[in-house]
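This briefing is meant for a reader meeting the structure for the first time. It begins with the sheet and then moves on to the loop beside it, the cores, the open spaces and the confidence.

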Amino acid sequence: VYVGVMSERLLRRLRYNLFERVLRFPLPHFRKTSQGEIVSMITAEAEPLGGFFGEAFSLPLYQGGILVTISAFIFIQDPLMGLASIAFYPLQGYLIPKLQKRVNLLGKQRVQNVRRMSEHIGEAVGGATDIRANETHGFELTHFTQRLGRIFEIRKEIYFRKFFIKFLNNFIAQITPFFFYSIGGYLVIIGDLSFGAALAAYKDMSAPWKELLAYYQRLADARIKYDQLHEQFELPDLSSEHQLTVPLSPRLNGPLDVTALSWIDDDGTRVVENVSFNMPLPGTALLTGSADSGKSQVARLLARILDPTSGRIQFNDIDATNLPAA
């Protein structure tokens with residue numbers, strides 16, 4: 001029960017953090033990221049992580065503890081038997097992470113392609129009128145088929161590699177008893193060992209090791225999903241947390257001083273360039289200009305809806321970047 005509760009609490013906290021970051025996204029970023037993609041990331045992509053949170057600590061401690069206990073018992077019975085029982089563990093410990101690394105990269109590609117597919121579906125639904133008016137059904141279906149084909153190929157390669165890892169684990173798991181019984185049987189024949197207790201202990205040894213290997217694969221899968229979320233929500237120009245806090249009595253005292261204010265959009269166009277002025281507060285000013293003159297962007301910069309690329313905005317000699325958004 002507590003493992004389940006802990007999983008849900010961590011999942012709740014993760015989703016809260018992701019949504020809080022969405023509120024701090026710079027406005028131009030919303031033009032590049034679709035609504036459906038953000039919804040999918042916070043709901044569907046975060047969900048599998050919740051199932052992993054609970055066992056992230058409990059499973060390796062519990063199963064690892066059993067494995068260590070059984071190994072210690074066999075080593076105490078006879079060091080050679082102990083060596084035979086864990087002989088292939090280092091090999092698995094070396095090979096499995098190397099093989100899993102490629103599976104991780106493929107998993108990352110799969111998540112990215114599924115996102116692009118979701119975005120494509122959203123665009124098609126939003127532009128259904130244009131698709132019908134221009135008769136581009138065939139183009140849309142061809143494009144969608146390519147996306148489905150790419151996801152299929154990635155999944156197929158994941159299956160090949162994942163089940164090769166499973167085959168390797170099973171092969172080593174079966175060959176270990178061969179050496180165990182060979183060495184143990186020889187020692188029993190020459191009278192150096194009583195095989196019964198060690199054999200009984202060894203029968204229980206494979207289960208926790210198998211659980212730990214499966215846990216490692218689930219850990220790698222969860223890390224992919226988390227890294228993908230982290231990349232999407234960890235933006236370099238994210239608003240700082242303290243700017244979202246609301247002071248008890250927000251007041252802007254004059255004068256307002258704007259110095260060499262510039263703003264460049266995502267395409268590299270310098271929309272606002274070296275704007276400087278000052279005015280008393282409270283006061284009134286009129287921004288005039290054509291539709292593409294940058295006047296609305298200047299207003300947004302003053303209101304801190306956009307963050308300036310360079311330059312300074314000051315209220316009574318206090319830098320606007322040090323003030324909360326309110």
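Four strands make up an open sheet, in which the order runs β2-β1-β3-β4 and the pairing is antiparallel. The model is a predicted one, and the mean pLDDT of its protein chain is 83, with 91% of the residues reaching 70 or more. The points below are grouped by topic.

**The sheet**

- The edges of the sheet are formed by β2 (270-279) and β4 (318-319), each of which pairs on one side only.
- Strand β1, covering residues 256-264, pairs with β2 in the antiparallel sense over six bridges, and within this pairing valine 258 has phenylalanine 277 of β2 as its bridge partner.
- The strands β1 and β2 form a hairpin in which five residues lie between them, and glycine 268 in the turn has a positive phi of about 90 degrees.
- Strand β3, covering residues 310-315, pairs with β4 in the antiparallel sense over two bridges, and here phenylalanine 315 stands opposite isoleucine 318 of β4.
- As a general point, strands of a sheet pair through backbone hydrogen bonds, in either a parallel or an antiparallel way.

- Proline 280 is found in the loop that lies between β2 and α11 (295-302).
- Is proline 280 buried or exposed? Proline 280 counts as exposed because its relative accessible area is 58%, where the cut-off for exposed is over 50%.
- Between the C-alpha atoms of proline 280 and asparagine 253 the separation is 8.7 Å, although these residues are 27 residues apart along the chain.

**The nonpolar cores**

- The largest nonpolar core holds 33 residues, and those with the most contacts inside it are Phe25, Ile74, Met205, Leu229 and Phe233.
- At least two residues of this core come from each of α1, α3, α4 (47-77), α5 (79-85), α9 and α10, and the greatest contribution is that of α4, with eight residues.
- Another core lies apart from this one and has twelve residues, including Leu261, Met279, Leu301 and Ile313.
- In soluble globular proteins generally, nonpolar side chains tend to be buried together.

**The largest pocket**

- The largest pocket has a volume of about 790 Å³, and its lining is made up of 34 residues, of which Lys162, Lys166, Leu213, Ala214 and Gln217 lie nearest the centre.
- The elements that give two or more residues to the lining of this pocket are α6 (89-126), α8 (137-189) and α10 (206-233), and the largest share, twelve residues, comes from α8.
- By residue type, the lining of the largest pocket divides into 15 nonpolar, eleven polar and eight charged residues.

**The cavity**

- The count of cavities of 30 Å³ or more comes to one, and the largest cavity has a volume of about 30 Å³.
- Which residues line the largest cavity? Its lining consists of Phe25, His29, Thr33, Ile38, Met41, Gln232 and Phe233, and α3 (35-45) and α10 each supply at least two residues of that lining.
- The lining of the largest cavity divides into four nonpolar and three polar residues, with no charged residue.
- Phe25 and Phe233, which are among the residues lining the cavity, are also among those with the most contacts inside the largest nonpolar core.

**Confidence along the chain**

- Confidence in the protein chain is lowest in helix α9 (residues 195-203), where the mean is 65, and highest in helix α1 (residues 2-23), where the mean is 90.

Terms used:
Residues numbered from 1 in each chain as written. Predicted model: local features only at pLDDT ≥ 70, side-chain atom pairs only at ≥ 80, totals over all residues. Heavy atoms only, no water. 1 Å grid on protein atoms, 1.4 Å probe; cavity = no way out; pocket = protein on both sides within 12 Å on 5 of 7 lines; lining within 4 Å. Points joined across faces, edges and corners; volume = space filled by probe spheres on them. Nonpolar A, V, L, I, M, F, W, Y, C, P; charged D, E, K, R; others polar. pLDDT = per-residue confidence, 0-100. Core = buried A, V, L, I, M, F, W, Y, C linked by side-chain atoms within 4.5 Å. Buried < 20%, exposed > 50% of the residue type's maximum accessible area, 1.4 Å probe, protein only. Pairing = 2+ DSSP bridges.
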